[in-house]
Amino acid sequence: MMGPHLPRVMKRSSQASNARDVQKTTGEPAAKRRLPSIPFHYGAILPALLLTILVVVGPLLYSLRLSVWRYNLTDPFNRYYVGLSNYETAVQQPVFWSSLRVTLIYTVVAVFIQFFLGFGFALLVNHLTWGKRFTRTAIMLPAFITPVVVALTWRFLLHPELGTVNYYLQEWGFIDSGLVWLGDKNLALFSVIMVDVWRNTPFLFLVFLAGLQSVPHELLESASIDGASPFQKLMHIIVPLLKPLILVGLIIRSMDAMREFDTIFVLTGGGPGTLTEVISLTAYRFAFRNFEIGIAAAISFIIFLLVLFFSILFVREMQRSRID
Amino acid sequence: MLRSRLQGTSIVTGVLVLTLVLVLLWSLLPVIWLVATSLKPARLANALPPDWTFLPDFENYANILQHGDFVPYLWNTVLVASVTSALATVFGTLSAYSFVRFNFRGSYLLPLFYLILRMVPRVVLVVPYFIIMGELGLLNTRTSLIVSYTTFALPFAIWLMIGFFKELPAEIEEAGLVDGATRIQVLLHIVVPVTAPGIATTALFAFLLGWNEFIFSLILAGPDSRTLPVLVAGFDTDRGILWGEMTAAATLIVLPVIVLAVVLQRHIVRGLTMGAVKG
């Protein structure tokens, strides 16, 4: 019952035209053929596309519209068009710039630490000959825990008086009295970064592990025979081979870090003061604490443009170093 | 246990084993602490030194399951996450299949469009959603949550399924087409059964995203539609954090997540990078 064997089609265009030809010539009842037939793919992509336009593109455009009004929720009917002045106001707030700075520091430091930890974990697990799956699952676990739960757990662990971290640090003599991890102006951002490191290192760990496992053994073995040290093998073989993967992983992680909200919201709410207020929290605060919808929309649109810029860079990088 | 090809010395092996143990502790201790605290009576939750050996006490679980809003919120979360996952998986699979198997103007650009959309920060959408849902009278409904969750679940599902479909050889489908099946029949009777694991993975991941979602629920939901993450954050009251109840609720929220993580293990990399990297 098999038809003529078709050669493996490499070009999708000929595949598509094969399919369409087959559809035209094989037994469709005459009545059906009279109806206008939408090619399958147009019909298939339509639901998702329509839904996306409705739920994403629409609200984004609406947000743009909101950003050019002065609109305060406490006085909703007294809203009026103000052009770009919301953007001016946003950019003139010192908190806007400090929040951008906090977001930048948070993203760069967190991803930097996660890169080294993730790579280290991956190297470690890759060398295991036993218990690989258990270890991988255990290391990977934090990335799945609901961010809110992660934040609440660490809030307790980092509690100045009741927290386990301070208790053991004091027990073992590292510090004299409990540190206020989340409230001290010198520690808060660092603590928030470390919680992000705890939760999100597994992502890079898994990406790098997948990469390490795809490095051909022969390459490493012939390097050993030539007398290369493990460090040399790492730097001159593994890292160059994994560069596209590393890049993709770093970019994805950075973009997710820039958009962070849940964990920091629950950990510190942006405090003390605005020392841990990342850009998402700032937009949230303007919208739902100050009720200034127009300015919040302006701030979030600026965030959107920033993220858009980076995601286009990311897409171009991904296309260039095709991971297939 | 470890390949000590490096220098063959047991010192190196010892260091590696020690590092391994530290790494495992680092990853697991906070979770273990969470579960352990939930099994202690509430008044002992804060006790120092931390008591690592104790008899499990389910008082906290009894409290939240009977008195709190836990069960209704659980139902909300299950409902919203399931419907979101179903929508995202079905529409996403249809789209992804089309992008991979057909070559048309959108088949290159649209996936990138969805990828960029996935990068939209939630807060950018929350503000217009709040206004729009308010005007439509849809605040405090699960519908508003489902609609808002699709904004991230759908692009995610599309990219995940693109990854799966790319690995599917076209021959079986071509054989079916040559035998006279329509594209739809090929899809339903050949492609779906073969990619069922991939579709299941996508559905579970999308469910997980919905299960963990916080900010949309915080802003758009009300007493009738709130989900678990908002509940658990709400244990931070004016009277101080109710640690006993919070840890019990948190453990319950995290339980399905852990189970799913173990089940989806093999596909995790693909899920986290949305198919940009092969798992």
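How many of the residues in chain B are buried? Buried residues make up 55% of the 279 residues in chain B, where buried means under 20% relative accessible area, exposed means over 50%, and partly exposed lies in between, using a 1.4 Å probe on protein chains only.

Hello everyone, and a quick word on the ground rules. This is a predicted model, in which local features need pLDDT of at least 70, side-chain atom pairs count only at pLDDT 80 or more, and totals for chains, interfaces and linings use all residues. Residues are numbered from 1 along each chain as its sequence is written, chains are lettered from A and ligands numbered from 1 in the order in which they are written, and side-chain values use heavy atoms, with hydrogens and water left out.

Let's stay with chain B for a moment. Its secondary structure comes to 13 helices and two strands; these are DSSP runs, numbered from the N terminus, with helices being H or I of at least four residues and strands being E of at least two. Along the principal axes, the C-alpha trace of chain B spans about 70 × 70 × 30 Å. If we take the contacts in chain B with a separation of 6 or more, residues 24 or more positions apart account for 70% of them, contact meaning heavy atoms within 4.5 Å.

Now chain A. Here we find 14 helices and two strands. Of the 324 residues in chain A, 52% are buried. For contacts with a separation of 6 or more in chain A, 66% come from residues 24 or more positions apart.

So how do the two chains meet? The contact takes 113 residues from chain A and 108 residues from chain B. Between them, about 10,100 Å² is buried, and carbon and sulfur atoms give 76% of that area. Buried area here is the accessible area, with a 1.4 Å probe, that two parts lose on being put together, summed over both.

There are polar features across the interface too. The rule finds seven residue pairs in polar contact there, both residues at pLDDT 80 or more. A polar contact is a pair of N or O atoms within 3.5 Å; within protein, one must be able to donate a hydrogen and the other to accept it, and residues adjacent in sequence count only if both atoms are side-chain atoms. On the side of chain B that touches chain A, helix 1 of chain B (residues 10–38) gives the most, with 13 residues. That side of chain B divides into 81 nonpolar, 14 polar and 13 charged residues. In that count, Ala, Val, Leu, Ile, Met, Phe, Trp, Tyr, Cys and Pro are nonpolar, Asp, Glu, Lys and Arg are charged, and the others, Gly among them, are polar.

Next, the nonpolar core. The largest one has 188 residues, and A:F314 and B:V232 touch the most other members. Helix 6 of chain B (residues 142–166) supplies the largest share of this core, 15 residues. Such a core is a set of buried Ala, Val, Leu, Ile, Met, Phe, Trp, Tyr and Cys residues joined through side-chain atoms within 4.5 Å. Take B:V232: leaving aside neighbours within four places in sequence, its contacts include A:V148, A:V149 and A:L152, as well as B:M246 and B:I253.

On to salt bridges, each being a side-chain nitrogen of Lys or Arg within 4 Å of a carboxyl oxygen of Asp or Glu. Through shared partners, A:D256, A:R259 and B:R118 join into one network.

Another pair is A:D196 and A:R253, whose side chains meet at 3.3 Å, N to O. This pair links distant parts of the chain, with A:D196 in helix 9 and A:R253 in helix 11 of chain A, 57 residues apart. A:D196 is buried at 4% relative accessibility, and A:R253 is buried at 2%.

Finally, a look at B:S144, in helix 6 of chain B. Buried or exposed, what is B:S144? It counts as buried, at 0% relative accessibility. A polar atom of the B:S144 side chain lies 2.9 Å from the backbone oxygen of B:T141.
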